[in-house]
Amino acid sequence: MKKSKKKLKGMTLVEMIISIAIFAIMGGLLILVGTHIDATNRATNVLKTKVSNESPYAANHKINYVKKDNTQGTLTPENIKVEFDVEGATVALDGQKYNTEDIITNSMNAADKAAMQKKANGGLNLQFVIYETTAPTTTTTATTTTAATTTT
C-alpha cells in the first residue's frame, strides 16, 4: 500500500512581506489616532480646569479673588460702552468688562503665560460685564415720546 504524501504549502516570502507591511500601516494609523485622542483629552482637561477655577467668579460677578500666596487680588476692568436704538430712543450702556484669566495667571511669569496661551484652549477665558444704563435719548419726531429709565 502506498501512502499519499500531502504537500504542505506555506506562505511565500512576498506574501509575508505584504502582510507585515499591512500590519505596519495599521499600527501607524493606530498611533496617529491615539496621539490625536491624547491631545484632545489634554485640551479638554485644560478647559475643564479653567472653567472650574474661573466660573464661580464670572457667574457671581466677583471682582476680588484670593491669590495662591493667600493675598487679595482684584480683576482689572476694561471700560466698554454699548449704544443701541430701541423704537427711536438711543440707549447707552456703560460698563466694565472683567477677564477672569487673571485668576489663573496671577502667579505666572511671562514665559509661563505665553506657554499657556499656546496650549489648546489656552486662549479661552470667561468674561463678565457689569453694566450701568443711562437715560435714553429720543430722536426728534413729530410726536412726543416718553421713555423709561432702567437701572441694573
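Among contacts in the chain between residues at least 6 apart in sequence, what percentage join residues at least 24 apart? Then go to Gly73: is this residue buried or exposed?

A: This is a predicted model. Take the contacts between residues at least 6 apart in sequence: 58% of them join residues at least 24 apart. The chain has 152 residues, and buried ones make up 15%. Its accessible surface is about 11,900 Å². Carbon and sulfur atoms hold 60% of that surface.

Next, the layout. There are three helices and six strands. Along the sequence they run α-β-β-β-β-α-α-β-β.

Now Gly73. This glycine sits in strand E2, which spans residues 72–74. Gly73 counts as buried because its relative accessibility is 2%, and the cut-off for buried is under 20%. What does Gly73 touch, leaving aside neighbours within four places in sequence? The partners are Ile63, Asn64, Tyr65 and Lys67. Asn106 lies 33 residues from Gly73 in sequence. In space, their C-alpha atoms are 8.4 Å apart.

Strand E3 covers residues 77–86 and strand E4 covers residues 89–99. The two run antiparallel, joined by 10 bridges. Within this pairing, Glu78 stands opposite Lys97 of E4. Two residues lie between the strands of the hairpin. There, Glu87 adopts a positive phi near 50°.

Note on methods
Residues are numbered from 1 along each chain as its sequence is written. This is a predicted model: local features need pLDDT of at least 70, side-chain atom pairs count only at pLDDT 80 or more; totals for chains, interfaces and linings use all residues. Side-chain values use heavy atoms; hydrogens and water are left out. Helices (H or I, at least four residues) and strands (E, at least two) are DSSP runs, numbered from the N terminus. Buried means under 20% relative accessible area, exposed over 50%, partly exposed in between (1.4 Å probe, protein chains only). Contact means heavy atoms within 4.5 Å. Accessible areas come from the Shrake-Rupley method with a 1.4 Å probe; for residues, only the protein chains shown count as cover. Two strands pair if DSSP finds at least two bridges between them.
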